[in-house]
Amino acid sequence: MKIIVENTVCLNTGDAAILLAIRHILRTVWGEDLQFQVFDSQPEVAARLYPPSEYPDLEFHKLLSESVFKYNYDQNVLKNAIKPLYNRIVLRALRKFARGGQPAKALFSETDRRSLAIYRDADLVITTGGTYLVENYNLERRLNQFRIDAILGKDPVFFTQSLGPFDKEYNRRELKPVFDRSPLILLRDARSKEHISDLVADSGKCHVVADAVFALADTDRIAGILASNGAPVTGRVAISVRHWNYVKGGGNGMDRYLDAIRNIVTILVREQGKEVTFLSTCQGVPEYAHDDSKAAKAIVAGLDPEIAAHVSVDAAFHTPEQLMAAVKGFDFVVATRMHMMIMSLCVGTPVLPIAYEFKTKEVAKRIGVSDVLLDIDTVTAEEAGEKLKSFTQNLDHYRRTALQGVLDEHASAMSATGLLRPLLDAPSADIAGDLGKGAEQGLARAGKQQHEDERDRII
């Protein structure tokens, strides 16, 4: 059985964890004999990080929307003026291919033609879980990918998403037919479901389930921790930080956040005698735009020397399996990255969460730790210190509460299996060219980048 997972960014270990969780869930539904064609933004690097020798069922390809369409990268007025016309020509060539024609060699490289054949032969297309359909980010490439899916008659399943709200009329108009055609939309929280309530004609196919990565939870280990009297104390704490472009207050807001982390580190070392390691899901990959270890090093550089002597920065890349193995050795984790939080919890390590988007707040609420959650938009050094002390003084309580919540989240994530089973009995409609002039207008507008602010996608 051939499965496509598109829109991944596997240089981000959190994204990779989602991919592996999707694989685990689908194997539970349809068995081990599955081949995953993963359409990623940087497939060559992803294939190096997740080689065939260790992941023989994963094959990485360039995301088609980033390969076949042209985007504005500079201020060359003439080149940028031609790109919308080129994109419309590509769109028409895609329609011709969908009707049984051959992909034009002048427009599609050999790699593109192979990718189109993979789509033609796929049994199921999944747009990966995560947070990439929110208006903080440029949606251009995602919309173009959904246009390709529609032309090829492959309506994607939306795996567990945090998405919206969609306030821009262009995005609402372009996303509505995509949501309507999708056979299944999985959402991580009720808030996301509400965000698309007026964009989906059939709300019955929208289901709130836990983040897919909870499917990777080591339930036996967690059950063992819950059955025991506490957990061994290692004297080590991990902290995940990140730079965030959209923190309230801009640079001053980031400084406030970094100072709050410094206070957490200082209390951990000076008052609680801990050794602190900075460790995160986005690091150690030079080709990736985001490296959380840079923020970690900036924090350490501002610590008093006697505190810094007990702090280290692990700046290496780690696969999800390696990261989950590593966090078993910590008493707890202070996590800004949401999937650092989830992977830690999946192996039984409690977490003090810091939210930079609503998705983390929703998870914290469901696992019973929202009262100690810190918000990147408002956190101060004083508040961070107070909540850290409350968390550590009641660590056994928060551990038990959170891990019981993790077992519930695991069951919720795995409940997607029952929603997925019927899908192969309901093939996608034949809709080559169905998007018509609307798609061409969208591509023309996308080429001019009039519908979105210029912003990078940040997972």
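The following questions and answers examine a predicted model.

Visitor: Which residue in strand E6 is the bridge partner of Thr-127?
Guide: Strand E4 covers residues 124–127, and Thr-127 belongs to this strand. E4 pairs with strand E6 (residues 157–163) in the parallel sense over two bridges. In E6, the bridge partner of Thr-127 is Phe-158.

Visitor: Which residue of E4 points the same way as Leu-124, and are the strand's residues buried or exposed?
Guide: In a regular strand the side chains alternate between the two faces of the sheet. In E4, Val-125 and Thr-127 point one way, while Leu-124 points the other way together with a second residue; all are buried. That second residue is Ile-126.

Visitor: What is the relative accessible area of Asn-7, and is this residue buried or exposed?
Guide: Asn-7 lies in strand E1. Its phi is near 65°, a positive value in a residue other than glycine. Buried means under 20% relative accessible area, and Asn-7 is buried, with a value of 0%.

Visitor: What is the omega of the peptide bond from Gly-164 to Pro-165?
Guide: Pro-165 is placed in the loop between E6 and helix H7 (169–181). The bond that joins Gly-164 to Pro-165 is cis, with omega near -5°.

Visitor: How many residues has the largest nonpolar core?
Guide: In soluble globular proteins, nonpolar side chains tend to be buried together. Phe-159 is among the residues with the most contacts inside the largest nonpolar core, as are Leu-26 and Leu-420. Leaving aside neighbours within four places in sequence, Phe-159 is in contact with residues including Ile-22, Leu-26, Ile-126 and Leu-420. The number of residues in this core is 116.

Visitor: Which strands are the edges of the open sheet of six strands?
Guide: The order of this sheet is E11-E10-E9-E12-E13-E14, with parallel pairing. Within it, four bridges join strand E9 (residues 236–240) to strand E12 (residues 332–335), and Ala-238 stands opposite Val-333. An edge strand pairs on one side only, and the two that do so are E11 and E14.

Visitor: How many of the nine residues of helix H14 are buried?
Guide: Helix H14 covers residues 338–346. Its buried residues include Met-338, His-339, Ser-344 and Cys-346.

Visitor: How many residues apart are Arg-27 and Asp-57, which meet in a salt bridge?
Guide: The side chains meet at 2.7 Å, N to O. Arg-27 counts as partly exposed at 24% relative accessibility, whereas Asp-57 counts as buried at 5%. Arg-27 is in helix H1 and Asp-57 in the loop between helix H2 and strand E3, a separation of 30 residues.

Visitor: Which parts of the chain does the salt bridge between Asp-331 and Lys-274 tie together?
Guide: The closest N and O atoms of this pair are 2.8 Å apart, and both residues are buried. The two lie 57 residues apart in sequence, so the pair ties together the loop between helix H13 and E12 and the loop between helix H10 and E10.

Note on methods: Residues are numbered from 1 along each chain as its sequence is written. This is a predicted model: local features need pLDDT of at least 70, side-chain atom pairs count only at pLDDT 80 or more; totals for chains, interfaces and linings use all residues. Side-chain values use heavy atoms; hydrogens and water are left out. Buried means under 20% relative accessible area, exposed over 50%, partly exposed in between (1.4 Å probe, protein chains only). Two strands pair if DSSP finds at least two bridges between them. A nonpolar core is a set of buried Ala, Val, Leu, Ile, Met, Phe, Trp, Tyr and Cys residues joined through side-chain atoms within 4.5 Å. Contact means heavy atoms within 4.5 Å. A salt bridge is a side-chain nitrogen of Lys or Arg within 4 Å of a carboxyl oxygen of Asp or Glu.
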